[in-house]
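Please read the numbered points with the structure in view.

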Amino acid sequence: MVTTSEARVEAAFEELAVERPLLSKVKEFARKQPLGTFGAVIVLVMVFSALFADFIAPHDPINNSYEHILESYSSTYLLGTDQFGRDILSRIIYGARTALLVGFTAAIIGSVTGLVLGVASAFFGGRFDLLFQRVMDVFMAFPLIILALAVVSIFGTGIQNVIIAITIPFIPRCARVVRSSALAIREIPYIDAARANGFSNARIILRHMVPNVMAPFLIMITAFVGQAILLEASLSYLGLGVQEPVPAWGLMLQGGAEEYAESAPWVAIWPGVAVSLAVFGFNLFGDSVRDTLDPKLRSQ
Amino acid sequence: MKFPRLKFALPLAAGLALSFGMADSAHAVKSGGVLNFVVGSKIPSYDGHIEGTFGMIHPIRPFYSTLIRVNPDNPASPTDFVCDLCEGDLPKGEDGFKKYVFKIRQDVKFHDGTPLTADDIVATFKKIIFPPKGIASARKAFFKMVDSVEATGKYEVTFKLKFPSGSFIPSVAMPFNFVYAKKDLDSHGYTWHKTNINGSGAFSFVQHQPGSFVEGKKYAGYHHKGKPYLDGFKAISAPKMALRLQAIRGDRAAIEFRGFPPKARDDLVKALGDKITVQESDWNCILIATPNQKRKPFDDARVRRALSLALDRWGGSKYLSKIAIVKTVGGVVFPNHPLAATKEELVKIPGFGTDVAANRKEAMRLLKEAGHPNLKIDFNNRGVDQPYKVVGTWLIDQWKQIGVEAEQHVNPSPVFYDKLRKSHDFDVSIDFNCQSVVNPIADVTKYLGSAGNNYGQYEDAKLEEIYSRLLRAGTEAEQRTIMREYEQRAIGEMAHLIPTLWWYKINPHRSYVKGWKIAPSHYLNQHLDNIWLDK
């Protein structure tokens, strides 16, 4: 005969086992993390703009229109035009594509590489770990922007090189965080069991350790996307990122902000707002993901 | 009627210039004060004989004298030269214009106290014209006509030419021809002046804090009596234009001698009103697109001509002049010079016609005929906003109109120069022809494949032959005729180089800066001995 308390436990397990609908999860996330939801909305708007730029941008972002140089806000040019008569709104919409391409690519490649290297470093330990961590220390000694500047100086400008320049500084940062989580996992008996079963190192790392450090990894990815967008804008602003006439927010700031900030402030303001909002959105979203995934914070 | 506006504009401009001059001279010249000015480029070395940048000329030229110079009171004229270290009028050519004798002033001393004699002038020009092996001389090619330079007295220098040349005197007047002391060259060697300064200019060297400023003080023994008016100057390094503008606006600096874009001028005038005076001039500088003829399909004249035909130069002049330091449509010769093409002559050159639609239709036909209707270009540009990046972006847009897709690679100056001059790693590159003294016969050598400053990597025997005739042409009329033939060949028929627009110099400066007059080059009139401060 099943006791009342046993029935309660079973019911609780069943409740946990039932997958709640996505909408319900979203609602709960929105209720618990209003700021994170706001960040997520910004991210979604960015992604939407990037994906459907061809349909929603009112003008060709690289089409020079010399009759409309530095025009203020109007019904034709909602955010005004730049020094080449290009529509600023269209360039911002297309600029989201550049920002996300660089942001996601650099963040994903940097994080995944850092994940594998960090877990491997923790798993192998010993001299490999010692040497590997000293190499990471060297990379970590440089501020992000300095390291990115150095890399882009070596490889040259252009979108591919900007992605490389931003990816490289991300690797040690992710590897360091992931390693600390992986060190704890390495000591758990199931890893020893896997070893005893004769599983290969690669299998242990990829199948048994990596999935268990996904929480910090996901948090880092969201943080990295925001940082990558900011870095891309910084490099472009310094003239070392993507080049004209590619629509990119940092480049828009570089091209117009200095010369026209006073007489045509919209040239500088809107790309600046776009960069700030994007980074703000990713940071808010990243923080809330961390709060949601971290059991200590979740219980508070 | 041709040029109806010009008919009124010229007398008006002359009247304004006259009244400006009168107003200026109406003020009593005041001595004293320190002129602070901003410089937007670095100093590669102090040696004028090897450098070609305003980054060196602006802070270093005031320490040196030259044998002759552009008339400081009339620097706009391309033919008005006066003595600096020589005395009296400029020598008339003797022996069928193959011999020039300069009388040297006897009251000149270098800043270290050494008296200047003819030997110093000779040693200087021998270094420039006949440098020893391994010693660089940036303007050696300008003196191809010189056979010898000798001291024919303690204070007399004689130049003998291989053939008469109208470009000899303008070449001597170039501001880079700093006169060095023979004893410095003999005792310290030919590279000493790269890092040391001993001149006879209006100011003596005080200090150089690299990346920060160069300071000079009034040289009491200066040979132009009563000058300089200033007690000293400080050339402040400010690489960013915004910084230079703010320096003038905040009165941390009084002037920038290179030039600002129109918008910057308007902002300054709007903010400071009559505290700002603006001087403007055509500029002996043209921005060029150079196709690399060692790369296919740029060895095909049809492709190069198509790239030139795509450009709406007349429209570009109208619009780009609002946002960049370029303005004038012109051919190979400085637009204000008698040897320059008139508009009627220009529009006969492919790509200079006013019917843009027809030009572009022809361009697309040429590209199709050459087998490259969807041409892609690796475009090398310099990481300097004005005017390189602005004009570069305009070029990309113009080429897009004929279906040509250009990917721009904006590089910092050292990388840009390396790609342009050494590795030739480009399809088409931005290039420029910026000269100091307006000297068309010498200036147009840029378009010769054999010229040291031509990076198109081509040979054109016919063009060389035309230039050879041009160099020896006796009269201006003859020079003019041959110049048109040269122009049509270089930028029309063969389109070896693709001219964009000539630069336009705009110098807004604090109104208390008096005596300085704008020249058609940012290298000219930078000795500062005629500047005074009306404070």
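1. In this predicted model, residues 24 or more positions apart supply 70% of the contacts in chain B that have a separation of 6 or more. Contacts here are pairs of residues whose C-beta atoms lie within 7 Å.

2. As to secondary structure, chain B comprises 16 helices and 18 strands.

3. The overall dimensions of chain B deserve attention. Its C-alpha atoms fill a box of roughly 70 × 55 × 50 Å along the principal axes. The radius of gyration of chain B is 23 Å, which agrees with a compact globule, because a globule of 535 residues would have a value near 24 Å. Of the 535 residues of chain B, 50% count as buried.

4. The domain assignment divides chain B into two parts. Domain 1 covers 30-254 + 512-533, and domain 2 covers 282-504. Their C-alpha centres lie 31 Å apart.

5. How many residues does each domain of chain B bring to the contact between them? Domain 1 of chain B gives 19 residues, and domain 2 of chain B gives 18 residues. On the side of domain 1 that touches domain 2, there are 14 nonpolar and five polar residues, with no charged residues.

Technical notes
Residues numbered from 1 in each chain as written. Chains lettered and ligands numbered in written order. Predicted model: local features only at pLDDT ≥ 70, side-chain atom pairs only at ≥ 80, totals over all residues. Helix = DSSP H or I, 4+ residues; strand = E, 2+ residues; numbered from the N terminus. Rg over C-alpha atoms; globule rule 2.2 N^0.38 Å. Buried ≥ 20, exposed ≤ 12 C-beta atoms within 10 Å, placed from the backbone. Contact = placed C-beta atoms within 7 Å. Domains from an automatic or database assignment. Nonpolar A, V, L, I, M, F, W, Y, C, P; charged D, E, K, R; others polar.
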